[in-house]
Amino acid sequence: MSKENTMTVGQAFIGGVWTEIPVLRLMLGLCPTLAVTTSVKAGLTMGLCVIFVLICSNFVVSSMRHLLKPHLRIMIFTLTIAVFVTIADMYLKAFQPVMSEKLGPYIPLIIVNCIIICRAEACAAQNGLLVSVVDGFAMGLGFTIVLCFLASIREVLATGCITFSPTLVLTILKPVEAGGWFTPWASMLMPIGAFVTLGLMLAAVNQIAGKKS
Amino acid sequence: MSNLKLFFRESWLLLVSSVLFGGLLALTDAAWRPRIQQNEINKFSNLARTLLPAAETFEHLADPIQIPDDKGRPMLVDVRRGLDASGACAGWAFVCEGSGFADKIKLVVCVDAKFEILTGFQVLASNETPGFGDKITIQNGFYQAQYKGAPAERLTLHKAGDSKLIDSEIIAITGATVTSQAVVDILNAYVTPIKEQLRQKGFLQ
């Protein structure tokens with residue numbers, strides 16, 4: 001089944017964090033991007049889960065790439081991804097119960113995240129272990145960076161600060177109720193805030209990429 | 001026979017993977033399940049203790065409570081009795097859920113020992129609209145405060161009124177009438193039937 005690809009480790013890494021950055025260039029993984037970016041902590045947790053699942057699923061798929069039958073490969077990919085997503089979900093429930101509740105169904109929904117099955121098909125099924133693992137890490141890192149950036153804009157405009165824990169709160173814009181001048185935008189916590197911010201980010205990236213080309 | 005051979009030749013990798021991955025999940029579950037269950041118990045106890053401060057422990061009832069769901073089908077409810085330091089009943093706590101505006105709303109509700117007065121509710125899970133419906137989660141906010149001391153009977157929702165007056169009339173959150181109504185409906189669906197069941201089983205006089 002497998003057609004060996006000639007992707008290098010460097011190409012895999014640069015692809016994940018810039019030229020093929022999942023959300024902004026491939027337009028993959030938009031559902032969790034819009035849903036969980038109400039806070040930086042939630043975005044970071046989702047990103048770390050996706051990195052874990054991408055690395056593990058790419059490793060397993062790459063290891064068995066010579067054994068894959070074309071008509072069964074999607075089933076194997078889905079099975080592999082579902083296992084690691086379930087482990088990530090159980091880990092959060094056991095060790096980060098508050099964050100697990102906050103993210104709700106979006107952790108189990110990583111199973112149907114297009115980025116992961118896309119990398120299994122486009123990279124791991126055609127490349128060696130090292131390239132596949134680096135590709136998984138880089139794609140996950142690119143996804144996490146976008147999530148954290150989008151979440152930081154939304155959280156700051158919605159609350160004036162970034163909350164990492166009850167004792168670690170980074171105040172960027174002092175809200176009126178705390179004696180400052182900033183009136184928080186509640187709409188930034190709603191879907192409209194996510195759509196508008198993501199749209200502006202896409203426009204900025206297209207502008208930069210357009211200028212380069 | 002040749003069909004069977006073909007089946008195994010084509011699908012052996014899927015079968016072997018399924019067995020291996022199933023084993024991996026079973027091991028992970030065995031390792032983390034006790035911790036996950038303890039987290040759930042802790043969360044329930046912490047929320048219930050804020051509503052029933054006198055209760056030190058919450059014990060399950062030996063006889064489960066069964067009430068009708070919104071379609072009239074029987075549904076089991078995990079009602080727990082809060083016990084104070086002397087072992088006397090300090091109140092009752094249970095988890096109830098129903099449809100909200102965006103998703104299911106799950107609440108911990110506490111009632112006094114005689115099941116006559118609500119001591120309040122806390123939100124276990126909800127995905128209501130930020131800035132509007134999610135105000136039901138604000139501890140000691142005006143909406144939650146209306147339930148502390150309200151009678152454990154049928155509640156009604158009103159769009160305007162004095163929210164500081166504690167009675168069976170609940171004043172809605174502005175801009176979140178659906179969520180406010182959902183909480184009232186959830187309590188109405190659980191409180192009275194549970195009270196009836198407890199009375200029938202001899203837990204209440």
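Student: At what angle do α4(A) and helix α7 (residues 114–124) of chain A pack?

Tutor: This is a predicted model, and the values below are computed from it. Two packed helices are described by the angle between their axes and the distance between the axes. For α4(A) and α7(A), the axes are 10 Å apart and the packing angle is about 35°.

Student: Which hand does the crossing of α4(A) and α7(A) have, left-handed or right-handed?

Tutor: The contact brings A:V53, A:L54, A:S57, A:N58, A:V61 and A:S62 of α4(A) against A:I116, A:R119, A:A120, A:C123 and A:A124 of α7(A). By class, these residues comprise 7 nonpolar, 3 polar and 1 charged. As to its hand, the crossing of α4(A) past α7(A) is right-handed.

Student: At what angle do the axes of helix α4 (residues 40–63) of chain A and α5(A) cross?

Tutor: The crossing of α4(A) and α5(A) is right-handed. Their axes come within 9 Å, and the crossing angle is roughly 145°.

Student: How many charged residues are there in the contact of α4(A) with α5(A)?

Tutor: On the side of α4(A), the contact is made by A:C49, A:F52, A:V53, A:C56, A:S57, A:V60 and A:V61, and on the side of α5(A) by A:F77, A:T80, A:I81, A:F84, A:V85 and A:A88. Sorted by class, there are 11 nonpolar and 2 polar residues, and the number of charged residues is none.

Student: What is the radius of gyration of chain A, and how does it relate to the globule rule?

Tutor: Chain A has 9 helices and 2 strands, in the order α-α-α-α-α-α-α-α-β-β-α along the sequence. For 213 residues the globule rule gives 17 Å, and the value for chain A is close to this, so chain A is as compact as a globular protein of that length; its radius of gyration is 19 Å.

Student: What percentage of the residues of chain A count as buried?

Tutor: The C-alpha atoms of chain A fill a box of roughly 65 × 45 × 25 Å along the principal axes. Among contacts in chain A between residues at least 6 apart in sequence, 76% join residues at least 24 apart. Of the 213 residues of chain A, the share that counts as buried is 42%.

Student: Why is chain B described as more spread out than a compact globule?

Tutor: Chain B contains 3 helices and 9 strands, and its C-alpha atoms fill a box of roughly 80 × 45 × 30 Å along the principal axes. The globule rule gives 17 Å for 205 residues, and chain B lies well over that value, so it is more spread out than a compact globule, with a radius of gyration of 22 Å.

Student: What percentage of the residues of chain B count as buried?

Tutor: In chain B, residues 24 or more positions apart account for 51% of the contacts with a separation of 6 or more. The mean pLDDT of chain B is 89, and 100% of its residues reach 70 or more. Of the 205 residues of chain B, the buried share is 27%.

Student: Which element gives the most to the side of chain A that touches chain B?

Tutor: The contact takes 20 residues from chain A and 21 residues from chain B. On the side of chain A, α5 (73–95) and α6 each supply at least two residues. The residues of that side divide into 14 nonpolar, 3 polar and 3 charged. With 9 residues, the element that gives the most is α5(A).

Student: What ipTM does the predictor give the complex?

Tutor: The predictor reports two scores for the complex. The pTM is 0.77 and the ipTM is 0.82.

Student: Is A:M27 buried or exposed?

Tutor: A:M27 lies in the loop between α2 (22–26) and α3 (30–35) of chain A. Although A:M27 is not a glycine, it has a positive phi of about 55°. Because A:M27 has 11 C-beta neighbours inside 10 Å, and a residue with 12 or fewer is classed in this way, A:M27 counts as exposed.

Student: Is B:F115 buried or exposed?

Tutor: B:F115 is placed in the loop between β6 (104–111) and β7 (118–125) of chain B. B:F115 is not a glycine, yet its phi is positive, about 60°. Because B:F115 has 21 C-beta neighbours inside 10 Å, and the cut-off is 20 or more, B:F115 counts as buried.

Methods
Residues numbered from 1 in each chain as written. Chains lettered and ligands numbered in written order. Predicted model: local features only at pLDDT ≥ 70, side-chain atom pairs only at ≥ 80, totals over all residues. Contact = placed C-beta atoms within 7 Å. Helix = DSSP H or I, 4+ residues; strand = E, 2+ residues; numbered from the N terminus. Nonpolar A, V, L, I, M, F, W, Y, C, P; charged D, E, K, R; others polar. pLDDT = per-residue confidence, 0-100. Rg over C-alpha atoms; globule rule 2.2 N^0.38 Å. Axes fitted to C-alpha atoms, helices over the stretch in contact; angles between N-to-C directions. Left-handed = near helix turned anticlockwise from the far one by under 90°.
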